[in-house]
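Please open the model in your viewer and keep the selection tool at hand.

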Amino acid sequence: MQLDLLLTADYANVTADGKLNVMGIFNRIYSSAFPASHAEMYLVANLSADPSEYGMRRKLVAKLMDEDGGLVAQLLEREIEVPQAKEGRPAEIRQILRLVGLLFPRPGTYQFSMLVDNDLKGSRAIRVIRTSKERAG
């Protein structure tokens with residue numbers, strides 16, 4: 001299984017016909033006070049699995065880590081069965097996590113990490129920047 005997409009956005013969903021909609025992709029958060037709380041964001045992951053993996057059980061984990069490698073939040077821990085795709089194509093596994101009130105303890109670079117069966121498949125950095133009260137938002 002491989003990670004094809006991992007991003008943070010203001011909103012995301014999947015349409016009835018399977019299209020992924022993502023709005024407001026970002027990788028920076030500004031705050032004048034810490035710990036900083038982000039009202040709402042979406043973590044979007046798209047994984048693909050080879051036909052040899054169809055029907056296998058996999059454990060998906062998403063974590064938020066600080067720049068020192070400390071765990072800030074365990075965002076997802078879910079076991080899935082890899083679905084069978086049509087015509088021998090890779091199967092797509094989408095995870096859209098709505099994160100409300102996520103806390104960032106201090107300014108710095110944080111890492112959203114996606115693991116499958118305890119194997120890191122990829123990560124997405126997000127910077128949390130201290131700013132004056134006039135610019136916060």
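A nonpolar core is here a set of buried Ala, Val, Leu, Ile, Met, Phe, Trp, Tyr and Cys residues joined through side-chain atoms within 4.5 Å, where buried means under 20% relative accessible area, exposed over 50%, and partly exposed in between, with a 1.4 Å probe and protein chains only. The model is a predicted one, in which local features need pLDDT of at least 70 and side-chain atom pairs count only at pLDDT 80 or more, while totals for chains, interfaces and linings use all residues. Residues are numbered from 1 along each chain as its sequence is written, and side-chain values use heavy atoms, with hydrogens and water left out.

Begin by selecting M1, L75, L102, F104 and F112, which touch the most other members of the largest nonpolar core, a set of 33 residues. Next colour the strands β1 (2-14), β4 (36-49), β5 (57-65), β6 (71-81), β7 (91-104), β8 (108-116) and β9 (119-130), each of which supplies at least two residues of this core; strands are DSSP runs of E with at least two residues, helices are runs of H or I with at least four, and both are numbered from the N terminus. A further core of five residues lies apart from the largest one, and L7, A9, Y42 and V44 are among its members.

Return to M1 and display its surroundings, taking contact as heavy atoms within 4.5 Å. Once neighbours within four places in sequence are set aside, the residues in contact with M1 include L47, L60, I80, I93 and V116, and also the charged residues E53, R58 and K121.

Now turn to the salt bridges, each defined as a side-chain nitrogen of Lys or Arg within 4 Å of a carboxyl oxygen of Asp or Glu; by this rule there are 11. Select R58 and D117, whose closest N and O atoms are 3.0 Å apart in a salt bridge. This pair joins distant parts of the chain, since R58 belongs to strand β5 and D117 to the loop between β8 and β9, 59 residues apart. R58 is buried, at 15% relative accessible area, whereas D117 is partly exposed at 34%.

Move on to R106 and D68, whose side chains form a salt bridge with an N to O distance of 2.9 Å. R106 sits in the loop between β7 and β8 and D68 in the loop between β5 and β6, 38 residues apart.

Finish with D17 and K19, where the salt bridge has an N to O distance of 3.9 Å; D17 is exposed at 57% relative accessibility, and K19 is exposed at 52%.
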